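Trainee: Could you walk me through this structure, please? I would like to learn how to read it.

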Amino acid sequence: MSKKKPKPTPQPAETLPGIVDAHTHLASCGARTGAEVDAFVERAVAAGVGKICTVGDGLAEAEDALAAAQHNPRVWAACAIHPTRARELDDAARARLAEMARDPRCVAVGETGLDTYWIRHKPEETAPLEVQEEALRWHIDLAVATGKALMIHNREGDADLMRILADSPKPRETVLHCFSSPLDVAHEAIERGYVLSFAGNVTFKRNDELRAAAAAAPAGQLLIETDAPYMTPEPYRGTRNEPAFVGHTAYCVAEARGQDPAELAAEVSATFDRVYGV
Ligand SMILES: [Zn+2]
């Protein structure tokens, strides 16, 4: 008999009306058809989640994200090729992404950015840094041209990312999704007007520095997300995530900020509307 404790079945936090999920992957959660999308949204709504931004990180996934957003009025899409897959950004992909970004239900270009973690761990499967940089610059230009928010994925690429963002044209809004960088990067990002979006890892015991970053972000530069099906917040770390569980992260961020959770939810909802133009 295994001595390992069975993992608990994750449950939503106490309902927090008006909270949002600023970055999730509904298709990766298992929601592909309209009915499946509606089921995820219904469970999220029961937990107080009013709005969801779902992200496609490859061309097929971006089509899924846009279809979900066109189907359910509480869902908006972000479309891009993920940095690890930047070699897929060929001419056909560029042409289709440029079209998708102009759709009114697509509210962000992303996730794009830099990921050196996977370059180190799976170099043959991961686009090299110079290909990632070229793709990032193309996505920045698309965000600027369309007036949509730029949604950044950054894993262990702080210095290069901050350099590229500084010397590029400035999108209307720049969101650092699943913010996981050191506090000095948080301060620099806040100074530049970027929006820090916090995911379940802000709840992990060892991540005091992320909670400090969440406390430092002014209202208007703070979002909350699940990045589901990944990054499940405590106390369900390691299980499968979905938008209905975003409340755990919101309560943790509210505590780190010494803020009333309902007030935080209202602020984050207003930031969602401004950033994504909804
Ligand atoms: Zn993501």
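Mentor: Happy to! Let's begin with a term: contact means heavy atoms within 4.5 Å. This is a predicted model, where local features need pLDDT of at least 70, side-chain atom pairs count only at pLDDT 80 or more, and totals for chains, interfaces and linings use all residues. Residues are numbered from 1 along each chain as its sequence is written, and side-chain values use heavy atoms, leaving out hydrogens and water.

Trainee: Is Glu111 buried, partly exposed or exposed?

Mentor: Buried means under 20% relative accessible area, exposed over 50%, and partly exposed in between (1.4 Å probe, protein chains only). Leaving aside neighbours within four places in sequence, Glu111 is in contact with residues including His23, His25, Met151 and His177. The relative accessible area of Glu111 is 3%, so Glu111 is buried.

Trainee: With which side chain does the side chain of His23 make a polar contact?

Mentor: A polar contact is a pair of N or O atoms within 3.5 Å; within protein, one must be able to donate a hydrogen and the other to accept it, and residues adjacent in sequence count only if both atoms are side-chain atoms. His23 is itself buried, at 0% relative accessibility. At 3.1 Å, the partner of the His23 side chain is that of Glu111.

Trainee: What distance separates the C-alpha atoms of Ala256 and Ala212?

Mentor: Ala256 is partly exposed, with a relative accessible area of 29%. Not counting residues up to four places away in sequence, Ala256 touches Arg211 and Ala215. Ala212 is 44 residues from Ala256 along the chain, yet their C-alpha atoms are separated by 7.1 Å.
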